[in-house]
Amino acid sequence: MQPKPGANGTAVTEFILLGLVETPGLRPAVFVLFLLAYLVTVGGNLSILAAILVEPKLHTPMYFFLGNLSVLDIGCITVTVPSMLGRLLSHKRTVPYAACLSQLFFFHLLVGVDCFLLTAMAYDRFLAICRPLTYSTRMSPTVQRILVAVSWACAFSNALTHTVAISTLNFCGSSVINHFYCDLPQLFQLSCSSTQLNELLLFGVGFIMAGTPLALVVTSYIHVAAAVLRIRSVEGRKKAFSTCGSHLTVVAIFYGSGIFNYMRLGSAKLSDKDKAVGIFNTVANPMLNPIIYSLRNPDVQGALWRVIKGRWSLA
């Protein structure tokens, strides 16, 4: 690693990612495990997309957003896991400075869109249950596309802000990152500049990017719960809640792991616990989403079965 000061004062030209395990004997097992997780995640989300495309019952706003969520899940795990698998195969743990910042940008871009899409899905459930008479006009195809476009625009601004902000820091000491991908908390620990403004920016923008959508999700479901409880039929209440249960589970996992990851910036040393949270953010969440949405949904299950039978008949 050759020091080469740049325009922003950065002396480090590459970082060393320690990965998930440092014991050479465990690397083959980790490689196989995460390769399988990657294939399952990509296959599961592609199956959800195929089911939405082939099943007319699923041509609704909720499944339009779910299809977009599946694309994001594929992107999120692709940003982090293949590069980690490549390092395990090559036994090379270094990553160029520019590649590290690129990974950080795309990870925050995709996670940001994910955050807003989950909010759009909560809004969709609110309109479907609380405003059924105006649902078709308030959630028209144009509105759906606008919500997705706004999600991408807001997430792009957030990811670009953090990437530009981190690029102004100096990295002139240790270049070892105790993680398997590049993210803000780990880079803050390595900077020989003050990261106070960067951390304030992360908390401030994070409050807008995550806090506001979460508040909207909670508000939507308070209204949904109140409307469902007014339904006299037990079967009707059960059906209404079943359409929301999967989404609430995904929201709880997504925000729970995200808050734990980014609210611990003040800790003196980032530990292996952060790797576990990273696995949740980049691997477990994308892999669990298609399972959660298909297990409790007979329409999705039926469409998936038709997709599988169609592939068998072609084979």
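A residue is called buried when its relative accessible area is under 20%, exposed when that area is over 50%, and partly exposed in between (1.4 Å probe, protein chains only). By this rule Asp 124 counts as buried, because its relative accessibility is 0%. The structure is a predicted model, in which local features need pLDDT of at least 70 and side-chain atom pairs count only at pLDDT 80 or more, while totals for chains, interfaces and linings use all residues. Residues are numbered from 1 along each chain as its sequence is written, and side-chain values use heavy atoms, with hydrogens and water left out.

We can start with the overall build. The chain holds 10 helices and three strands; these elements are DSSP runs numbered from the N terminus (helices H or I, at least four residues; strands E, at least two). Followed along the sequence, they give the pattern β-α-α-β-α-α-α-β-α-α-α-α-α. Of the 315 residues of the chain, 47% count as buried. A contact means heavy atoms within 4.5 Å. Among contacts in the chain with a separation of 6 or more, 78% come from residues 24 or more positions apart.

The helix pairs come next. Two packed helices are described by the angle between their axes and the distance between the axes. Here the axes are lines fitted to C-alpha atoms, for helices over the stretch in contact, and the angles run from 0 to 180 degrees between N-to-C directions. Angles under 35 degrees count as roughly parallel, over 145 as roughly antiparallel, 65 to 115 as roughly perpendicular, and the rest as oblique.

Helix H3 (residues 97-130) packs against helix H7 (residues 196-229) at an angle of about 20°, with the two axes 9 Å apart. H3 and H7 are therefore roughly parallel to each other. Their crossing is left-handed, a label used if the near helix is turned anticlockwise from the far one by less than a right angle, with right-handed used if clockwise. The residues making this contact include Gly 112, Phe 116, Tyr 123 and Arg 125 of H3 and Met 209, Pro 213, Tyr 221 and His 223 of H7. By class, the contact of H3 with H7 has 17 nonpolar, four polar and one charged residues. For this sorting, Ala, Val, Leu, Ile, Met, Phe, Trp, Tyr, Cys and Pro count as nonpolar, Asp, Glu, Lys and Arg as charged, and the others, Gly among them, as polar.

Helix H5 (residues 141-167) also packs against H7, at an angle of about 175° and with the axes 11 Å apart. That makes H5 roughly antiparallel to H7. On the H5 side, Cys 154, Ala 155, Asn 158, Thr 161, His 162, Ala 165 and Ile 166 take part, and they meet Asn 198, Leu 201, Leu 202, Val 205 and Met 209 in H7. This contact of H5 with H7 has eight nonpolar, four polar and no charged residues.

H3 and H5 meet as well: their axes come within 8 Å and cross at roughly 150°. H3 and H5 are therefore roughly antiparallel to each other, and their crossing is right-handed. The contact of H3 with H5 divides into 20 nonpolar, six polar and no charged residues.

Some single residues are also worth a visit. A salt bridge is a side-chain nitrogen of Lys or Arg within 4 Å of a carboxyl oxygen of Asp or Glu, and by this rule the count comes to one. It joins the side chains of Arg 125 and Asp 124, at 2.9 Å from N to O. Arg 125 counts as buried, with a relative accessibility of 10%.

Gln 103 sits in helix H3 and is buried, with a relative accessible area of 9%. Leaving aside neighbours within four places in sequence, Gln 103 is in contact with Val 79, Thr 80, Ser 83, Tyr 181 and Cys 182. Leu 66 lies in helix H2 and counts as buried at 4% relative accessibility. Not counting residues up to four places away in sequence, Leu 66 touches Ile 48, Ile 52, Met 121 and Tyr 293.

Two loop residues complete the picture. Glu 55, in the loop between helix H1 (27-54) and H2, is buried, with a relative accessible area of 7%. His 91 is found in the loop between helix H2 (61-90) and strand S2 (94-96) and is exposed, with a relative accessible area of 59%. Most residues other than glycine have a negative phi. His 91, which is not a glycine, has a positive phi of about 60°.
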